[in-house]
Every structure is written in C-alpha cells, then in structure tokens.
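Please prepare a short briefing on the chain shown below, covering its surface, its helices and its charged side chains.

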Amino acid sequence: MKITPILFSLLIAAALFGCDSSTEKKAMDAAHNANEKAKDAVEATQEKANEAADAMKEQAEKAKAATANAVENAAESVAAKAAKEKQEAADALKKEQALKEEALKK
C-alpha cells in the first residue's frame, strides 16, 4: 500500500495520541477510503472534461462546415450576379450596335 500525505498525517496523529492498534487501523482504513474516493472523483472529473472537450470539438467542426457552406453559397451568388451583369452588358452592347447600324442605314 502506498503511503500518501493524508495517510501519513493520520498515522502520525495516531502514534502521537497513543491510539491502540484497532483505532490506528480504523484511521488508516478511513484514510485509504478517502484516498480511493478522491481518485474516483478525479477520474470522474477527467471523464466529464473529456466528454465536454469532445462536444466542443464537434460543435467547432459543425461551425466550420457551416462557415464553409456559407462562403460557398456567397461565392456562387457573386458568380451568378457577375454572369447576369455580363449578359446584360452584352445585350446592351448588341442593342447599341444595332441602333448604330440602323442609324447608318438612314
């Protein structure tokens, strides 16, 4: 069995107060149980922290995908608008040339 600071302090306290062996054993058992409970609490906390980290990672990945999707949609919208403006400019140019040709015929 590993002697921890809590266990060691209880052992010294028991020795200083002159407890009999059964009281000393009870103190050591209590210290051991407290140690085990502390270890279990640490493990549970680590598990919860890992779960929270995984959830945060998943949310970050979802946000990244949503951002990429929004950027793609914006790019498609800009490209569609540019194509429409290009077509409108080409139509206006054709109309202008048609008017010039008509004016030259007169």
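The accessible surface of the chain comes to about 9200 Å², an area calculated by the Shrake-Rupley method with a 1.4 Å probe, where for residues only the protein chains shown count as cover, and carbon and sulfur atoms hold 61% of that surface. The model is predicted, so local features need pLDDT of at least 70 and side-chain atom pairs count only at pLDDT 80 or more, while totals for chains, interfaces and linings use all residues. Residues are numbered from 1 along each chain as its sequence is written, and side-chain values use heavy atoms, with hydrogens and water left out.

**Fold and burial**
- The chain contains 2 helices and 0 strands, helices being DSSP runs of H or I with at least four residues and strands runs of E with at least two, numbered from the N terminus.
- Of the 106 residues in the chain, 5% are buried, where buried means under 20% relative accessible area, exposed means over 50%, and partly exposed lies in between (1.4 Å probe, protein chains only).

**Salt bridges**
- The count comes to 4 salt bridges, each defined as a side-chain nitrogen of Lys or Arg within 4 Å of a carboxyl oxygen of Asp or Glu.
- One of them joins the side chains of Lys-25 and Asp-29 at 3.3 Å, N to O; both residues lie in helix H2, 4 residues apart, about one turn of the helix, and Asp-29 is partly exposed at 34% relative accessible area.
- Another links Lys-39 with Glu-36 at 3.8 Å, N to O, the two residues being 3 apart in helix H2, about one turn; Lys-39 is partly exposed at 47% relative accessibility, and Glu-36 is partly exposed at 32%.
- The side chains of Lys-100 and Glu-96 also meet in a salt bridge, at 3.7 Å, N to O; these residues are 4 apart in helix H2, about one helical turn, and Glu-96 is partly exposed with a relative accessible area of 42%.

**Negative patch**
- Asp-40, Glu-43, Glu-47, Glu-51 and Asp-54 gather in a patch of negative charge on the surface, with patches made of residues that have over 30% relative accessible area and no salt bridge, like charges being joined within 9 Å.
- Asp and Glu count as negative and Lys and Arg as positive, whereas His and the chain ends are not counted, and the place of a charge is taken as CG of Asp, CD of Glu, NZ of Lys or CZ of Arg.
- Within this patch, Asp-54 lies in helix H2, which spans residues 21-105, and Asp-54 is exposed, with a relative accessible area of 51%.

Definitions and conventions
Patches are made of residues with over 30% relative accessible area and no salt bridge: like charges are joined within 9 Å, nonpolar side chains (Val, Leu, Ile, Met, Phe, Trp, Tyr) within 5 Å.
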